[in-house]
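Student: I have the model open and would like to work through it with you. Could we start from the definitions?

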Amino acid sequence: MSVALAVAVGGLFAVGTFLLLRRDLVRVVFGLAVVSQATFVYLIAMGGVAEGARELVPVLDTHGGGVPEIADPVVQALVLTAIVISFGTTALALVLSYRAYEENETIDVTEWVR
Amino acid sequence: MAPDLTVVTTAVAVPFVAAVLAPLLYRVLGERTGYAGAAVAAASFGLLATQVGSHGTVRSPWIPALEVGLQFTIDGWGLLFALLASGIGVLVFVYSARYMHGESGLARYYAALLAFMGSILGVALASDLVFIFVFWELTSLSSFVLIGHYTEDAESRYSARMAMVVTVGGGLCLLAGLLVLAVAARGALGGVTFDLAAMLANDEAMRASLRESGLFVPALALVVTAAAAKSAQVPLHFWLPNAMVAPTPVSAFLHSATMVKVGVYFLGRVRPLMMSPEWVLLVATLGLLTMTVGALLAVAATDTKELLAYSTASHLGLMVAGFGFDVVYGGEAGTFHLLNHALFKAPLFLVAGIVAHEAGTRNLDNLGGLWRELPITAAITGVAALSMAGIPPFNGFYSKELLFEATYEVAHEAGGLAWLYPGVATVASVFTVVYSVKFLAMFVGERRAPIADIHRPPLALVGPPAALATAAAVVSVAPQLAVDAIVQGAVEATATGKAHLEVGLPTHFSPPVGMSAVAIVGGLATYPFTERLAAGIGRGVDAPIPVRPSGWYDCAVSTATTTSARFGPLVHNGLLRTYVFWVAAAGSVLALAGFAATAGVPELDVVGVPLAVTVVLVVAVLAGLAVVTASSHVAGVLTLAILGFMIAIFFILASAPDLALTQLVVETLVLLLFLLVLQRLPSFYADVRPLVLARDAVLSILVGAMAFASVLLTTPGPDADPSSVAEYYTAQAVPGGGGSNVVNVVLVDFRAFDTLGELLVVTVAAIAILVLVTMRIRGEEAVTEGEEEPVSDGGDLP
């Protein structure tokens, strides 16, 4: 229920959306990246954010023994996947933009519609 | 005797399995696939026949959390319907094998016919509402394929789509009605359940629960609308005559024993649950109205199949009306007529097919005196048509007499306007006699138009209707035999109280017997004036006032078509920002509306996270704003990198070192990639129009607000317990995965397939990038080398 987290996520999503609506294609790719980053923060927030501490890191001390209280490993696994996928998406979007520029000789998306 | 789950499930599943295999079978067997289909239908019939006399519910759980299970209830009513569908299925497949000789698309035809039969069996036997709905919709889908069998024919496509729209639209009403029932079960049975058998067992509690929540009438209206759409009740009857464009065996199957009976069947099924004054008013009126309108339109029909189609609507009305009345005779009329109608209507359709096949026309005005060339067919028609007319001692008479008794009893008790019930029923029956005689007339008398040589139909075409007519004759001679065998069980299942059906020829005069006499004598007396009557009805139908429901249908469909043709270009105009705008705006508004409607005000904690986290996030948002205001692409990339590295620090502070490590590597790579690409791109274009900027800002704030609200409302508080999934993975990391880093174990062990998929995505992206970068260069080289020769590089050349 943290307002600070919510404001950060909301702000990043707003910035990302604004960038997605630009006519400069590179800025659209920027927007894609920002929205991805906002999603990471959102996912981490779903697991709850506590004061960082060594004990909370989801790496268990020993093989065996009791199960300690740790930060939610599920959201971390999800975000790890998301980081890699968003890397792939951003890279592909960038090269697509480059290729689109070569074909259309402009990166203004409004000029693509003829 | 309790039913056997394996036997019942097999009986329902076999047609579906055969439907999947039908294309293969067709390759091996060719046109003999029809006989294989008959064997499948016979197998289902045999399996179900072993269950006759058993009674009870069998269940195998499917989604226990929602209490959804594969549940079948075996009783007389379900078995009667299922046996009729599979039994007539056998004959229809045999008939098809010959009738569809030389047609194309037979693999699809048999697959759809098998799937259709399986869905009907499913509807008849399932007693879990979810499964009933699924099978119900499957009948609509497979009948769509069957009605539209001649895909080249525009009329066929039009009719198939009409049947689809009407019956699937009805199916949506059913879905809503079933959900209302499931919710009402919360009060009556304790907990949401989809178990129809339990609802029927506790019908009083269910009714009380529905009444209490004020949902009784909506549930009733929804269920009856669904049944009316499926069973072609006025004003949704118009799809049925159009559906006759299907091949004749399909019409015989759809119209006699299966598709259109589904609605009637379901009304009989929920009758004990929903019986109330509202039910009587709605269902009985609907049924009698359809009975009359259908009979009138059948009298005016000139095409053999059209006549039979309207007659089907009329007889469905009879069954619906029977189920509508809250007297014992009503339920008896409905159940017994379900059997009788199947036994006389299926052979009549098959006969219409034979006549069309051998005489080459379906126009009743041109057909006459066919008994000379088609004596056996004429005899079959004699039995079936007289039964349809309700002339004693043929089987149709018994069930129609039961309806007369029901209407008379209701009118006698209620008095007043209720006397309309027997009056309307009698008038409808007069017209029933007229059109039955009209159909029969094509075999008697003199030839009306010269018809070239008429062949004797082959045995495969005459056999199936002859078998059905024989069955009808047996029921005519010994009705009590059929009643004892299966109809009595069906009557008990659909009755609101105790019921014991006894049928036979009347031995003394009573008002219902008088009604029958009036109907028969009136019908025979009216027959000579058929042509004038038909002309009058035709004028009424063609009247300029919008009385034709099919006109409303055409209007609705064409309006929808033109509206979507206009709406499409508006949202799909090829501009990226338009797509983003509609998707983001619609998603945000829907999510915010959902939150506003359901969530309360959460307990707010102004900061709620450690100070360091707050600082890092503030820097991240500021970096984001800097990306927006950056004056060049390079400045944008650098500020974007600041944002990315801030997120990495956020990961460290949130106790996620693995993520931070990955994020740092990925951010560095992305920075390099951007710089590599940017040097080849032109400098940036700024948006200068303030109006556009303002509009985009509003949408961005809307999306931001949605994200803000959903974080506030859905994230757990600081003291919340970890989720059960998280607990499970943490506890099982060492014993189950053999690793102490829980995140790694989740990725490479518990969710290894997801990670494999992720690797695949990255690989595909890498290949795509490689192709995008290299293909262009190669294409250009090829062009410069060979000037004239166009090089195919995926159509990318200018």
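Tutor: Gladly! Two strands pair if DSSP finds at least two bridges between them, while helices (H or I, at least four residues) and strands (E, at least two) are DSSP runs, numbered from the N terminus. This is a predicted model, where local features need pLDDT of at least 70, side-chain atom pairs count only at pLDDT 80 or more, and totals for chains, interfaces and linings use all residues. Residues are numbered from 1 along each chain as its sequence is written, and chains are lettered from A and ligands numbered from 1 in the order in which they are written.

Student: In the hairpin of S1(B) and S2(B), which residue takes a positive phi near 60°?

Tutor: Strand S1 (residues 56-63) of chain B pairs with S2(B) in the antiparallel sense over 7 bridges. Within that pairing, Gly56(B) stands opposite Ile74(B). The hairpin has 4 residues between the strands, and the residue with the positive phi is Glu67(B).

Student: How many residues of strand S2 of chain B are buried?

Tutor: A residue is buried if 20 or more other C-beta atoms, placed from the backbone, lie within 10 Å of its own. S2(B) spans residues 68-74 and is largely enclosed by the rest of the structure, because the buried residues number 5 of the 7.

Student: What radius of gyration does chain A have?

Tutor: Chain A follows the pattern α-α-α along the sequence, and its C-alpha atoms fill a box of roughly 65 × 30 × 15 Å along the principal axes. The radius is taken over C-alpha atoms, with a globule rule of 2.2 Å times the number of residues to the power 0.38. For a compact globule of 114 residues the value would be near 13 Å, but chain A has 19 Å.

Methods: Buried ≥ 20, exposed ≤ 12 C-beta atoms within 10 Å, placed from the backbone.
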